[in-house]
Amino acid sequence: SLILLFFCLFFVFTLQSKNDIAVFSRYDQIAVSSEVELQKIQLIQANGQVLNSVTVSGKEFTFETSQLINGIYFLQVTNMEGMEIIKIINRNHDKR
């Protein structure tokens with residue numbers, strides 16, 4: 001499975017997966033896009049607790065991350081071609 005580490009304050013990283021899923025972050029948002037229809041996106045804490053589960057129609061979706069504490073999270077993104085789990089390090093509140 002593919003892993004994406006990103007820092008929410010200043011950096012933007014993009015990851016292309018085998019399922020044509022792209023994930024990027026800027027400031028206090030995580031954006032997910034896909035070449036094919038997205039179906040479901042889950043935001044999961046490192047301990048396995050699902051924080052948010054969204055049924056999606058369309059090729060793009062944006063999560064607000066300003067309320068998340070710093071830490072490790074996972075996005076489980078399902079589209080018409082399969083599922084990807086993407087690891088995220090959230091650093092919203094760093095003052096660097």
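What percentage of the 96 residues in the chain do buried residues make up? Buried residues account for 40% of them. The model is predicted.

**The chain as a whole**

The chain has zero helices and eight strands. Along the sequence, the pattern reads β-β-β-β-β-β-β-β. The accessible surface comes to about 5,600 Å². Carbon and sulfur atoms hold 52% of that surface. Contacts across the sequence can also be counted. Among contacts with a separation of 6 or more, 48% link residues 24 or more positions apart.

**The four-stranded sheet**

Four strands form an open sheet. Their order is S5-S4-S7-S8, and the pairing is antiparallel. Strand S5 (50-55) and strand S8 (82-90) stand at the edges. Each has a single partner strand, so one side of each is left without a neighbour in the sheet. Neighbouring strands in this sheet are turned by 15 degrees against each other on average, direction ignored.

| Strand pair | Bridges | Direction |
|---|---|---|
| S7 (residues 71-79) and S8 | nine bridges | antiparallel |
| S4 (residues 38-45) and S7 | seven bridges | antiparallel |
| S4 and S5 | five bridges | antiparallel |

Phe74 has Lys87 in S8 as its bridge partner. Lys40 is partnered by Thr78 in S7. For Leu43, the bridge partner is Asn52 in S5.

S4 and S5 also make a hairpin, with four residues between the strands. In this hairpin, Gly48 takes a positive phi near 95 degrees.

Is Gln42 buried or exposed? Gln42 has a relative accessible area of 13%. The cut-off for buried is under 20%, so Gln42 counts as buried. This residue has its place in strand S4. The side chains of Gln42 and Ser53 are joined by a polar contact of 3.3 Å. Leaving aside residues up to four places away in sequence, Gln42 touches Val50, Asn52, Ser53, Phe74, Leu75 and Gln76.

**Asn90 in strand S8**

Asn90 lies in strand S8. Its relative accessible area is 1%, so Asn90 is buried. What lies 3.2 Å from a polar atom of the side chain of Asn90? The backbone oxygen of Ile69 does. Asn70 is 20 residues from Asn90 along the chain, yet their C-alpha atoms are separated by 5.0 Å.

**An aromatic pair**

A pair of aromatic rings is described by the distance of the centres and the angle of the planes. The count here comes to one aromatic pair. The rings belong to Phe61 and Phe63. Their centres are 5.1 Å apart and their planes stand at 80 degrees, so the pair is edge-to-face. Edge-to-face requires planes over 60 degrees apart.

Phe63 has 4% relative accessibility and counts as buried.

Methods:
Residues numbered from 1 in each chain as written. Predicted model: local features only at pLDDT ≥ 70, side-chain atom pairs only at ≥ 80, totals over all residues. Heavy atoms only, no water. Pairing = 2+ DSSP bridges. Helix = DSSP H or I, 4+ residues; strand = E, 2+ residues; numbered from the N terminus. Axes fitted to C-alpha atoms, helices over the stretch in contact; angles between N-to-C directions. Buried < 20%, exposed > 50% of the residue type's maximum accessible area, 1.4 Å probe, protein only. Polar contact = N/O pair within 3.5 Å; in protein donor to acceptor, adjacent residues only side chain to side chain. Contact = heavy atoms within 4.5 Å. Phe/Tyr/Trp six-rings, centres within 6.5 Å; stacked < 30°, edge-to-face > 60°. Areas by Shrake-Rupley, 256 points an atom, 1.4 Å probe, with all protein chains shown as cover.
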